[in-house]
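Please look at the chain below before reading on. The report that follows describes its parts one by one.

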Amino acid sequence: MDEQAKIPRATAKRLPIYYRYLTFLNDAGTNRISSAELAEATKFDAATIRRDFSYFGALGKRGYGYDVEALLEFFAKVLDQNSLINVALIGVGHLGQALLNFNFHQSSNMRIAAAFDINENRGKILSGVPIYDMNELEEQIKAQRINIAILTVPQGVAQEITDTLVAAGVKGIMNFTPLRVSVPKGVRVQNVDLTNELQTLVYFIQNYASITTGK
Ligand code: ATP
């Protein structure tokens, strides 16, 4: 859409935050808001907000502020059409279930849309997300145009599953396993090793606490 193509990237990145806050206002029955009030709530400065909103057309009125409902309608359209990111989760164990439950609610434009596990007893729907058998992975990923996957499987199967994901067209993997998986060029892996992170923190606290706190 031409109209949306003109929105700068930085503005587009702030959009989900505006959207979340405006949803909150709308639910509370607030009809209008000034850029100063929005600035207070979002921590973006009022000038930035006014400039951002100017890309959305003349929605604001002097001395009146912005119409919450009109803004919401506009944002919902842009977010829906442009950036609702469906993510897959592979491995519905303890960590996988925690992430399903969390489901990135703070972001209005990302969600886990499908989860997969070899254990068919996992149940059909968890936290509103359907759990598919692994043999449906390729078909579902293609059908739902998913190109990002979260990996919460045992490390012994992480590489094999990564290969399957890549073959199915996945371009980004958030890897919660300790294994450093190999991927071809053009596929990005983000490693999140929680044990390692905690160990690093423990190490710093034990060895450098006096330096970092200045005591
Ligand atoms: P739980 O004790 O419930 O299995 P966990 O997180 O401790 O949870 P893990 O052994 O790490 O268990 O396995 C995580 C999840 O990955 C499990 O639900 C398991 O069924 C699933 N899993 C194991 N192997 C595969 C595989 N090859 N493909 C898809 N999922 C798998």
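On one side of helix H8 (158–167), Glu160 and Ala167 are exposed. The other side of H8 holds its buried residues, which are Ala158, Ile161, Thr162 and Leu165. These four residues cover an arc of only 105° around the axis, which puts them on the same side of H8. A residue is called buried if 20 or more other C-beta atoms lie within 10 Å of its own, exposed if 12 or fewer, and partly exposed in between, with C-beta atoms placed from the backbone. The arc is that of the directions from the helix axis to the C-beta atoms. Helices (H or I, at least four residues) and strands (E, at least two) are DSSP runs, numbered from the N terminus.

This is a predicted model, in which local features need pLDDT of at least 70, side-chain atom pairs count only at pLDDT 80 or more, and totals for chains, interfaces and linings use all residues. Residues are numbered from 1 along each chain as its sequence is written.

The buried residues of H8 pack against S4, S8 and strand S9 (172–175). Two residues are in contact if their C-beta atoms, placed from the backbone, lie within 7 Å. After H8 comes Gly169, with a positive phi near 105°.

Strand S4 contains Ile90. Ile90 counts as buried because 27 other C-beta atoms lie within 10 Å. Leaving out residues up to four places away in sequence, Ile90 touches Phe116, Ala149, Ile150, Leu151, Thr152, Val153 and Ile161. Ile161 is also one of the buried residues of H8.

Helix H6 (residues 94–102) has four residues on its buried list: Gly96, Gln97, Leu99 and Leu100. They cover an arc of only 160° around the axis, which puts them on the same side of H6. An α-helix has 3.6 residues a turn, so residues three or four places apart point the same way. On the other side of H6, the exposed residues are His94, Ala98 and Phe102.

| Residue | Other C-beta atoms within 10 Å | Class |
|---|---|---|
| His94 | 9 | exposed |
| Gly96 | 24 | buried |

What do the buried residues of H6 pack against? They pack against strand S4 (85–90), strand S5 (110–117), strand S6 (125–126), strand S7 (129–133) and strand S8 (148–151). Gly96 touches Leu89, Gly91, Ala115 and Thr152, not counting residues up to four places away in sequence. H6 is followed by Asn103, which has a positive phi near 40°.

In total, 15 residues surround the ligand, and the closest are Gly91, Gly93, His94, Asn119 and Val157. A residue is near a molecule if its C-beta atom, placed from the backbone, lies within 6 Å of it. By class, the shell has nine nonpolar, five polar and one charged residues. Here Ala, Val, Leu, Ile, Met, Phe, Trp, Tyr, Cys and Pro count as nonpolar, Asp, Glu, Lys and Arg as charged, and the others, Gly among them, as polar. An unreviewed UniProt entry lists Gly91, Val92, Gly93, His94, Leu95 and Gly96 under "binding site".

The largest nonpolar core has 28 residues, and those with the most contacts inside it are Ala88, Leu89, Ile90, Ala115, Ala149, Ile150 and Leu151. At least two residues of this core come from each of S4, H6, S5, S7, helix H7 (137–143), S8 and H8. A second, separate core of eleven residues includes Tyr18, Tyr19, Leu22 and Val68. A nonpolar core is a set of buried Ala, Val, Leu, Ile, Met, Phe, Trp, Tyr and Cys residues joined through C-beta atoms within 7 Å.

Ala115 is in contact with Leu89, Val92, Gly96, Leu100, Leu126, Val129 and Ile131, leaving aside its neighbours within four places in sequence. Among these, Gly96 and Leu100 are buried residues of H6.

The chain as a whole has nine helices and ten strands. Of its 215 residues, 24% count as buried. Among contacts with a separation of 6 or more, 55% are between residues 24 or more positions apart.

The unreviewed UniProt entry annotates residues 17–56 as "DNA-binding region". UniProt annotations may be inferred rather than shown by experiment. Over residues 17–56 the chain is 70% helix and 5% strand, and the end C-alpha atoms are 15 Å apart.
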